[in-house]
Amino acid sequence: MHTFFLSLMAAAAIISHGELLANGNFENEENHSYGWRVRNGKYEISNVSPFHETTPVYLKLHSNGSATIANHGEDGISAKAGEVFLFSCYCKSQTRGKMIILFIGDNGTVIGGKTIRMKSNGEWNEITGKFQAKEACRKGSLEIVFPEGDYLIDEVSLISQNTLK
C-alpha cells in the first residue's frame with residue numbers, strides 16, 4: 001500500500017512540476033536510491049550536513065575518475081527532436097572539475113548534453129544547465145559523469161523547457 005502512495009506522489013510531482021527524474025531528492029522512504037544507478041564509483045545515502053533540513057537525505061559519491069549516476073525517470077524519459085531540457089542539482093565538493101550531463105536516447109547513444117564547471121568551495125552550490133535533444137526518444141535516460149573526487153548531491157532535476165510555457 002505504501003508503494004502505491006509513493007507512486008501517486010511521484011506522479012503528482014511529475015504532473016505539477018514537470019519533473020522527469022525519479023526520486024531526484026533521494027527521499028523515497030522505502031529505497032533512498034530508487035530510480036538511480038551508479039557506475040564506476042562508490043556511493044552511500046547520507047543525512048549528515050544536508051542541503052536543506054526538510055529534505056535531509058542526499059547521495060554521497062566517490063569517483064575514481066568517471067563515476068556516473070543515471071536516472072531513467074519513472075518509465076524512461078521521452079523527448080522530441082529539438083526539445084530543450086533544463087537540468088539542475090545541488091552539489092557540495094572540494095574537487096575542481098567539470099560535471100558532464102548526458103541525455104541518452106533509446107538506442108544507448110548520446111542525443112544531448114552539457115559540460116558544467118563545478119565550484120570547489122566545500123559549500124552546497126546550485127548547478128544549472130540546459131541542452132537540446134538532437135533526436136526524438138521514448139525511453140531515454142539522464143547520466144551525470146563526475147571527475148575524480150568526493151561529492152554530495154541532492155535535488156537533481158530535469159524538466160522540459162516546454163513545461164514552463
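Q: What makes a run of residues a strand?
A: A strand is a DSSP run of E with at least two residues. Strand β1 covers residues 36-46, and Trp36 lies in it. The model is predicted.

Q: Why is Trp36 called buried?
A: Buried means under 20% relative accessible area. Trp36 has 10%, so it counts as buried.

Q: What is Trp36 in contact with, leaving aside neighbours within four places in sequence?
A: The cut-off for a contact is heavy atoms within 4.5 Å. By that test, the partners of Trp36 include Leu21, Phe26, Ile69 and Val156.

Q: What does the side chain of Trp36 reach at 3.0 Å?
A: It reaches the backbone oxygen of Asn23. The limit for a polar contact is 3.5 Å, so this distance falls within it.

Q: What makes Phe26 stand out in phi?
A: Its phi is near 60 degrees, a positive value in a residue other than glycine. Most residues other than glycine have a negative phi. Phe26 is found in the loop between α1 and β1. Its relative accessible area is 0%, so Phe26 is buried.

Q: What makes Asp75 and Lys139 a salt bridge?
A: Their side chains meet at 3.0 Å, N to O, so they pass the 4 Å limit. Asp75 lies in the loop between β2 and β3 and Lys139 in strand β8, so parts 64 residues apart in sequence are tied together. Asp75 has 54%, over the 50% mark, so it is exposed. Lys139 has 46% and counts as partly exposed. By this rule the count comes to two salt bridges.

Q: Which residues touch the most other members of the largest nonpolar core?
A: Phe87 and Phe146, in a core of 31 residues. Elements that give two or more residues to this core include β2 (58-71), β4, β8 (137-146) and β9 (149-160). Beyond four places in sequence, Phe146 touches Leu61, Ile69, Met99, Met118 and Ile153, among others.

Q: Why does Thr95 count as buried?
A: Its relative accessibility is 16%, under the 20% limit, so the label holds. Thr95 is placed in the loop between β4 (84-92) and β5 (97-104). Its contacts beyond four places in sequence include Lys119, Glu148 and Tyr151.

Q: Where in the protein chain is confidence lowest?
A: In helix α1 (residues 2-17), at a mean pLDDT of 43, whereas β8 is highest at 98. Over residues 1-16 the pLDDT is below 50. Where pLDDT is low, the predicted coordinates should not be read in detail. The chain averages 89, and 88% of the residues score at least 70.

Key. Residues numbered from 1 in each chain as written. Predicted model: local features only at pLDDT ≥ 70, side-chain atom pairs only at ≥ 80, totals over all residues. Heavy atoms only, no water. Helix = DSSP H or I, 4+ residues; strand = E, 2+ residues; numbered from the N terminus. Buried < 20%, exposed > 50% of the residue type's maximum accessible area, 1.4 Å probe, protein only. Core = buried A, V, L, I, M, F, W, Y, C linked by side-chain atoms within 4.5 Å. Polar contact = N/O pair within 3.5 Å; in protein donor to acceptor, adjacent residues only side chain to side chain. pLDDT = per-residue confidence, 0-100.
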